[in-house]
Amino acid sequence: MSALPLPAFPPDSPQAWRAHRGAGIAGLRRFAVRREALAPDAVRVRVLAVSLNQRDLMLLDGRGGPEGRELIPCSDAVGEVVDVGESVRGLAPGDRVLSVFFPDWQDGAPSAAVTARALGGSLDGVLADEVVLPAGAWVPISRELDPAEAATLSCAGVTAWHALRGLEPLPAGAGVLVLGTGGVAIWALQLAKAMGLRVAVVSSDRAKLERAEALGADLLIDRQREPHWAQAVQHAWGGVERVLDVVGPATLAQSIEALRYGGSVAVIGRLSGHAPVAIDPAALFLAQKRLHGLMVGSRAMTAALADFIRTEDLRPVIERVYPREGVGDAFAALQRAQHVGKLVVALDPARGPR
């Protein structure tokens, strides 16, 4: 994405990218941002890296986001604290921090109140050189974690963590099924293997299945050859204890079918659109199966995940890191959906593409 003329702010003013709902990738615009004085509870962070999610693309293509106003997209950032408000405790300039998807959901059970505001949705997001948010919107993280890799945690990583650890515990050796090889699916694969679980992966792309196998996937199902993949799961393993369904209408019935007795589906996406879903209730109650809807997770889950990947020395799968001038290219790659894992933009000029 080529540089655009900036407003007449000082030359060292931080910049941000904004767009209206439905503006398309070409509608992303770069702006200079005026620095404001910090509120007592606020923290100013210099952003090092931002990872992209499907919801960010939904803003640009008109499937999501607020109407009638510009928005800074993206929810997932890693940065360094520049300054803190006078009442902030526990964070100081120089600390490395990770953004929290729902700034108001600190811990405990979700509610309409704590999930009402989300970065890059109802709130401005983090695709900016500097971001100012309340202290509770940031989690301190170890400098052992590479910024580009840590930037993949806030949405995709926490969603996978919530689906695996935030619901009923899964016993060692339990089976988990993930659909596709996007950010949530690959994070779930890596986390589940580190937790001692077996993982089945469904994809229509053989090359992507081979990459999943290299990451430790135990069962590979080619959806082109086996369109009724739930039967393949039942035949191979007698079903799984949990399915992470990011697709929604097109897959939910088979996700239920793929479960063992008493298993559950974590319903975490609707990539196949808004079509009505026909489900036979008997498919649930006759085998005590359950559906759990969930959205990302809390600040406490974000901190727990960051600690887990550091302890387990997990390295998230990143397809490519784009430079700051490649924001548009990164979104175009997200739209093509040929990647495995995550796409990241490095805003720190010291970090180039790879």
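This is a predicted model, and the tour below goes from one serine to some salt bridges.

**Stop one: Ser154.** Select Ser154, which you'll find in helix 3, residues 153–166. Is Ser154 buried or exposed? Its relative accessibility is 0%, so Ser154 counts as buried. Now show what surrounds it: beyond its neighbours within four places in sequence, Ser154 is in contact with Ser75, Asp76, Ala77, Leu98, Ser99, Phe101 and Val296. Zoom in on Ser99, whose backbone oxygen lies 2.7 Å from a polar atom of the Ser154 side chain.

**Stop two: Glu168.** Move on 14 residues in sequence to Glu168, and your C-alpha to C-alpha distance from Ser154 is 22 Å. Which residue does the Glu168 side chain meet in a salt bridge? Pick Arg290: the N to O distance is 2.6 Å. Glu168 sits in the loop between helix 3 and strand 8, while Arg290 is in strand 13, so the pair ties together parts 122 residues apart in sequence. Glu168 is partly exposed at 30% relative accessible area, and Arg290 is partly exposed at 30% too.

**Stop three: Glu325 and Arg30.** Here's another salt bridge, with the closest N and O atoms 3.6 Å apart. The two residues are 295 apart in the chain, with Glu325 in the loop between strand 14 and helix 10 and Arg30 in strand 2. Colour by accessibility: Glu325 is partly exposed at 36%, whereas Arg30 is buried at 8%.

**Last stop: a network.** Select Arg46, Glu80, Arg96 and Arg143 together; salt bridges link them in a network.

Technical notes: Residues numbered from 1 in each chain as written. Predicted model: local features only at pLDDT ≥ 70, side-chain atom pairs only at ≥ 80, totals over all residues. Heavy atoms only, no water. Helix = DSSP H or I, 4+ residues; strand = E, 2+ residues; numbered from the N terminus. Buried < 20%, exposed > 50% of the residue type's maximum accessible area, 1.4 Å probe, protein only. Contact = heavy atoms within 4.5 Å. Polar contact = N/O pair within 3.5 Å; in protein donor to acceptor, adjacent residues only side chain to side chain. Salt bridge = Lys/Arg side-chain N within 4 Å of Asp/Glu carboxyl O.
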